[in-house]
Structure formats: structure tokens, C-alpha cells
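Thanks for coming. Please have the sequence and the model open while I talk.

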Amino acid sequence: MAIPYRFEVSASANEVHRRHGGLADGEESGQGVTVAGRLMLRREQGKLAFGTLRDWTGEVQLFAGASWTGDFAGFTGLPLGTWVGAEGEVVRTRRGELSVKVARWQVLAEARRGFGDKWRGVSDPEVRLRQREVDLWANEGVRGRMLLRSRAISLTRRWLEDQGFVEVETPVFHPVQGGATAKPFTTHHNALDVDLFLRIAPELYLKRLVVGGFERVYEIARVFRNEGLSTRHNPEFTMLEAYAAYWDYGDMMRLTEELAAHLATELLGTTSLTYAGRDLDLAPPWRRATLVDLVAEHAGVEVDVGMDIGQLRGICDDHGVPWKEHDGPGKLILELYEKTTEGQLWGPVFVCDYPKEVSPLARDHRSQPGMVERFEGIVAGRELCNAFSELVDPDEQRARFEDQARQKAEGDIEAMAVDEPYLRALEHGLPPTGGLGIGMDRLVMLLTGTESIRDILLFPTLRPEFFGLTGHDKAQAVDSSSRSAGTIAEDAAQAADSVVTGTVPPDVV
RNA sequence: GCGCCUCUAGCUCAACGGCAGAGCAAUGGACUCUUAAUCCACAGGUUCUGGGUUCGAAUCCCAGGGGGCGCACCA
């Protein structure tokens, strides 16, 4: 059977429904269409056969009959999952299902592997995550969720551009670790013979662009952090960073809440969400509260960066918060907040004003000594964003970097290094600037109601497959060390045969 | 890294110390309005691996492997 090189589609499943939704039961439209997609279900009835064709806009029924369909026998023998192109008149069956009455059809791709249980789908995480192409067909809602992510990113770009922001691309390879405190991945460039870090944040390059006159700039940056995996962490993730000259962190709070509300309204039609079984309303304005006030509220204790270190350690002990000898007052207060308060905040809430000690890139607070103008947006007990009035003073920045470098020398691999090119840029003058970083994956999790980051990443980071094997197959292959390599390769081919599937209502987005 | 849970047919799952099963998929057949179509027939297994206990192990124990969740680190 010859597979064509192209196929002319005149209507998507969704378009067929839109154009012909008014047909009465048993009525024929008199209009022909060609449609294409995967055959997901098949119902045979003697000399009639019904098939459910799915494309990425939805589903439409194929209605075949021995008296009007070419190669009717072949049609009834199509394995589920086959890509089919079909041509025929749009009709509504007597039982009320809008259908393409198939005159001619052809296979556009064979499905040598099935999609498993057509009703229950596939639940094995190994298959769902490693073979996302299978998951997308087999499990309801997966494709719609992934498409929603795509639309969220697209809407974010459009919205920021409407606010006068310009998108840029800055280097992924960084010679100096900076812009955040995190463990980097390292690599090496041979021709230059230099070690490089994969970026943990685009922050410093973006602020250099503000120095260069890009007054409102943003990047949707894939960043990399060499840390653990969890339902909320993937080693590579997507961070939106935006910087606006002449703005402070208060302006950035407004930008954040307006963006989140805009996305929710556009994608879901409302800012009132349900997440993890609880109500969540993203409508602005979000609550603003200082970090120390929230600690007082949730831990029942008043703290201040001016307090005696011994007293703060005692408070940490009282709340079961471990501390280290070299932790200063600011670090202790942050630890206390993170252990006792952050997870309790359902939000959305802007937690404002952090200790200077733990914020090397944020500007001194205009009225609170020892604090900086920084906020984190907390939603559902998690950090959604982090933003500041940016530190613009090169001397102060150098002192903060040197303090970071000291911590690095003491063994803190997450601490920043002194970034001389960045300091040189600051010496050219960074105007007052507001900066913001939003974890886009977490924002999409909120919008899709998913509680695992892997549910909104098409291909999350996983342990690599071995010879195409996973799980116990791999164990067996390794165990059978007496076998030849060829045998293992054959086993791999068989093991890869695990297939999958299910039914899926139309996930029209 | 530590703790808990889990691994049975292509998929989803039963059997919980006594003959390893069902639904779906696949295969063969019946059926001119189906909707997870239905009906009949047929086929499908190293119960993750290795060891142990037992008259007898998918089941209990030990070790290893894969996966999940939680903790820690972090966004």
C-alpha cells in the first residue's frame, strides 16, 4: 500500500463541526470534505462501519458502508491508531452523529504499535514520560494541557510587547556563575579552552542590556540547575525575566499580578481557579505583606535583622529550624520564614522586603536598614516569582559579590562569583530598574491544575534509557552478561514494543 | 543521599500460601445507524532478577534492579 507524499485536507474535525453543526439527524449536507487524523475507535455493523477519527482539533466520525466506500473490507480491517485520510460528504447519521460519509480513503501512516487500552489509556509513568508521543494520544487531556502551555508562552510574549518590552536572547554559556544562587552544570569549550557554566539565570546579561539602553527587556530563558528532581523541579526549566528602567519593585508587583490574571482570563476565562482542591483567585491586587510580618503571623514570633545572633538562633531552635555557625541574622530569618511560613501561604501574596544578606543583587531598602527591596510571589505555598528594585551602585555590588565569593571560598557551591564585566557595566550607569523572574513552568501548573512539573513538560528529564530498555528489561539485560551483544540488542527491540493507549474525548482547545 | 510504596498477558487490572485470570487490544467469524457497539471463537505468561522458607511461593523472608511518592536541596 502506497503512502502518499502529501494529502490535501480541506477541513479539520473542529471545522467540520463548526460548518455543519446545524444538520438534522439523518440529513445530508451535499458538501464534500477531506479530513485526516488517527483512527482511534472502530465500530463495525455488518455492511456498515463507523470510525472515530481524531486530529488535533477534535474528533469526527467516519461513516463507511459496503455500498459507497471504496475498499470497504480494507477499511474495516484498519488497526486502531492508523493515520487515515478520508474524503466524502458531511452527513449526520440517523442516530445523530456528525460524520464524513467515506467515499475514498487512504492510509497516511501505518500504526505498527497499538495504543493499549482504548478506554483506560496508559498509566505507566515510564511510557507516559519516555514515550510522550504515545501519552499524547492515549491519555485524555495531555495534548490540551501541552497546547495550553504553548499558548501561555505565546500570550506572555504578546502581552509584554504590548507593554513596550522587547524580547532578547542572551548567552546560555556563562563564563561566570551568577544571577541566582544555585548549583550550575559545567562544560568546556575546546577551541577557547575554557570551562563554561550553563546559565542558572539570565539576570546579569539582561541588566547589562538596560545599561545599554534597552529600557524594557525580557527573555523567556531555559535555565539549568544541577539539583534534584521533584514534582516541582526539573534540571532545565523556563524562566521569564523582565527588566524595566525607571521602575521599582512595586511596579514589578503590578506587572506580575496583571500578567498572571491576563493569562488566566485569556486561557480559562476566569481568574478563579481550583488548585489541589482549594480555591485560588489570581485577580489583582494580590496581598502585599512583609516577610517579617508574615513570620509573626505564622510562627508567632517577632524577628528583625538587627536582633542579636544568639537570640535568633534560640528562636530557630524553638521552631526546630536548623542553623549553621556562619549563618548571619538575615540567613536565619530567611530559614525561619521558609521552614515555618512559606508553605502555609496559599496566596497569592507578595512577600516583601528580604534581608540584604541573602539578596546580593537587590537594592537597599529605602527605609528599612539591613533589608532590600525584594519580593517573592507565593502561590499555593510555592515561590512563583522573585523580583527586586535592582541594585544599581557598582561599589555596593562589588562588596556584595565579594561577600558571595567569600562564601564560595568557604565551600558554598551555590554562591555567586565576582562578575567583573557586570561590575564594569554598572560603572557605565544602570538607571533605577525593576527586575522580575517568573517560573513559567509553575505558572502553567497553576493554570492547568497540575501538581507535577512533569505534566507540563513535554519531555522532562529522566534517567537515560539503556539500549532502548527500561525498568526490569534493563535489569534482565544487564543480568544476562553471558549473552551476546546481538541478543541484547534484539531484546531491546522487543522491549521497546511495549505500547499503549486509550480513548480520548476531543481535547479541542 | 534517607524513608515509604510498587513491579502479574501488548494495555488496564484481579488472584494475597493451594490449578495464573478478566476486560480492552490482536487474530478468525456474524451483524445496514454504531458511540468504550454487541455477539461467537481463538490466541496470548521466566508473575522484574537471584537466593531462601515451605509438601507447595505471583503471594512470606533476604539481596539486587526499575518506577512512584515523601524528606533534604532548590524555582
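**Contacts with the RNA**

I start with glutamate 414, where a polar side-chain atom lies 3.2 Å from a sugar or linking oxygen of RNA strand B. For the conventions: this is a predicted model, with local features needing pLDDT of at least 70 and side-chain atom pairs counting only at pLDDT 80 or more, while totals for chains, interfaces and linings use all residues. Residues are numbered from 1 along each chain as its sequence is written, chains are lettered from A and ligands numbered from 1 in the order in which they are written, and side-chain values use heavy atoms, with hydrogens and water left out.

Two further contacts involve other parts of the RNA. At lysine 47, a backbone N or O atom lies 3.2 Å from a phosphate oxygen of RNA strand B. At aspartate 117, an N or O atom of the side chain is 2.5 Å from a base nitrogen of RNA strand B.

How many residues surround RNA strand B? There are 51, and the closest are Arg95, Lys118, His233, Asn234 and Arg442. A residue is near the strand if one of its heavy atoms lies within 4 Å of it. The residues of this surface divide into 24 charged, 16 polar and 11 nonpolar.

Helices (H or I, at least four residues) and strands (E, at least two) are DSSP runs, numbered from the N terminus.

**Aromatic pairs and charges over rings**

Next, the rings. A search of the whole structure finds 11 aromatic pairs. Rings of Phe, Tyr and Trp (its six-membered ring) pair if their centres lie within 6.5 Å; planes under 30 degrees apart count as stacked, over 60 as edge-to-face and the rest as tilted. One of the pairs is phenylalanine 75 with tryptophan 105, edge-to-face because the planes are at 75 degrees, with centres 5.7 Å apart. Phenylalanine 75 is in helix H2 (residues 72–76) and tryptophan 105 in strand S5 (residues 98–109), so this pair ties together parts 30 residues apart in sequence. Both phenylalanine 75 and tryptophan 105 are buried. Buried means under 20% relative accessible area, exposed over 50%, and partly exposed in between (1.4 Å probe, protein chains only).

Tryptophan 83 and tryptophan 137 also form an edge-to-face pair, 5.4 Å centre to centre, with 90 degrees between the planes. Tryptophan 83 belongs to strand S4 (residues 83–92) and tryptophan 137 to helix H4 (residues 132–138), so the parts tied together here are 54 residues apart in sequence. Tryptophan 83 is partly exposed, at 31% relative accessibility, while tryptophan 137 is buried, at 9%.

There is also a cluster, in which ring pairs link Tyr249, Trp286, Phe350 and Phe375. As for charges, lysine 101 lies over the face of tryptophan 68, 4.6 Å from the ring centre. The criterion is NZ of Lys or CZ of Arg within 6 Å of the ring centre and within 35 degrees of the ring normal.

Asparagine 139 sits in the loop between H4 and helix H5 (142–162), and is buried at 10% relative accessible area. Its side chain reaches the backbone oxygen of valine 122 at 2.8 Å. The side chain of asparagine 139 also makes a polar contact with that of aspartate 135 (2.6 Å). A polar contact is a pair of N or O atoms within 3.5 Å; within protein, one must be able to donate a hydrogen and the other to accept it, and residues adjacent in sequence count only if both atoms are side-chain atoms.

Threonine 450 is in the loop between helix H13 (440–448) and H14. This threonine 450 is buried, at 6% relative accessibility, and its side chain makes a polar contact with the side chain of threonine 448 (2.9 Å).

Finally, why does the search find zero disulfides? A disulfide is a pair of cysteine sulfur atoms within 2.5 Å. The closest cysteine sulfur to that of cysteine 352 is in cysteine 385, 10 Å away, which is too far for a bond. Cysteine 352 is buried at 8% relative accessible area, and cysteine 385 is buried at 1%.

How values were computed
Nonpolar A, V, L, I, M, F, W, Y, C, P; charged D, E, K, R; others polar.
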